[in-house]
Amino acid sequence: MKLGKFLFAAAAVTALTTGASAGTLDDVKAKGFVQCGVTTGLAGFGAPNDQGEWAGFDVDFCRAMAAAIFGDAAQVKYTPTTSKERFTALQSGEIDVLARNTTWTFSRDVNLGFEFIGVNYYDGQGFMVRKSLGVTSAKELDGASVCIQTGTTTELNLADYFRTNGMSYESVVIETSAEGRGVYEEERCDVYTTDASGLAAQRSTMADPSEHIILPEIISKEPLGPLVRHGDNQWGDIARWTLGAMIVAEELGVTAANAEEMASTSKNPEILRLLGGEGDMGAQLGLPADWAKNIIMQVGNYGESFERNLGTTTPLALERGLNALWTDGGILYAPPMR
C-alpha cells in the first residue's frame, strides 16, 4: 500500500513537471503573441518611436522570440514595467519574458525563482554630472545628492562605493528613468547614477547633451539580460537560443540581407544548421525548422541590432567594447549550435 502511494505521488510529480515544461509555449501559441515585459521608456533599449511603435535593443529580443515562434516578429505585445514592478509581473504570469536592462544576480536567479537566459549587454554602473559642477572623478562626489532608481542593484552598489571611499551622499529616490531624467535636469540632484548605457541613453534625450559628462569610473559588473520563470525548461531554451542564434549569426556573417540566400547556397554546416538547412534544431525546441532564419531575416543578427539601436551612428553613440564578438576583442559569444 505504501509503495502504491509512493508510485502514485511520483507519477503525479512527473505529470506536473511535464505539464510545466510545455506550458508557456502552448499558452503563447494559443493566445497568438508573446507578452514581453519592457522598460517604461529608455532610449535605444526600449521606447515608443515616432509612430508609437515599441523599438530598441531589448525590444528586438522580444521581436526575435515572436519571429522564432510564429514566423512573424510583429506577434508580440509589450508591458511597460518599472524596476519595482518587473519581477512581480514575471512571477505572476502577467508577462511571458522580461527584457529590460535587468542585471543577472545570484538572488534574482536563485531566491526569486528566475532563469536568466544569457547576457545581451555587458555593462557597469557609472555617474553622470553637469559639466558646470566642475567634477572629473567620482572620488570628488563627497556630500553630493544622487538620483537613484529604487528597486535596483544600483542602490546597493552606490552605498558600497561611497562607504568604501569614506564619502557621504544624499539619496534622491526616483521610480522611473523618465522621472530621474526630469529630476536631474531640474537640478534637484547633483549626480545621476545607473548603468553606463542607461546614462548614455538619458543624456541623448536631454536638451543639450554636451552639457553633461559621464565620469570615468565604472563601479560594478552589470550583466544585463532577458529572464523567464524557473520550471519551464522548454521556454527557457527557446529564449536562450533566440539570443544565441543572433550572436552566432553575427559570428558566421549571416545577416538580414543574406540569410535567405545562405540557407540554400552555403557550404558551411554550422550555417546550414542555424538556418534550418540540415539537422533538427527547430524540432528539438518545438519550433519550425526555419525559426532562426526568421529571427535573422526579420530582426537581424546581434551586431545589426546593436548598431541600429545603440551604435556609434545613433544618439547613444556606444562602442561595442566588451560587447564585441570574442573574435574582435570582446567577450561576447554563444555556445556552439551543434
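Helices (H or I, at least four residues) and strands (E, at least two) are DSSP runs, numbered from the N terminus. The model toured here is predicted: local features need pLDDT of at least 70, side-chain atom pairs count only at pLDDT 80 or more, and totals for chains, interfaces and linings use all residues. Residues are numbered from 1 along each chain as its sequence is written, and side-chain values use heavy atoms, without hydrogens and water.

**First stop.** Select strand E7 (121-123) and helix H7 (196-204); each supplies at least two residues of the lining of the largest pocket. A pocket is an open set of points on a 1 Å grid over the protein atoms alone, where a 1.4 Å probe fits, with protein on both sides within 12 Å along at least five of seven lines; lining residues have an atom within 4 Å of a point. The volume of the largest pocket is about 260 Å³. Next, highlight Tyr121, Asp123, Ala196, Ile218 and Leu318, the closest to its centre of the 17 lining residues.

**Second stop.** Select Ile117, Gly118, Val119, Tyr333 and Pro335, which lie nearest the centre of the second largest pocket, lined by 15 residues. Then select helix H8 (residues 233-252), which gives the largest share of this lining, five residues.

**Third stop.** Finish just after H6, at glutamate 187, which takes a positive phi of about 60°.

How values were computed
Grid points are joined across faces, edges and corners, and a volume is the space filled by probe spheres set on the points.
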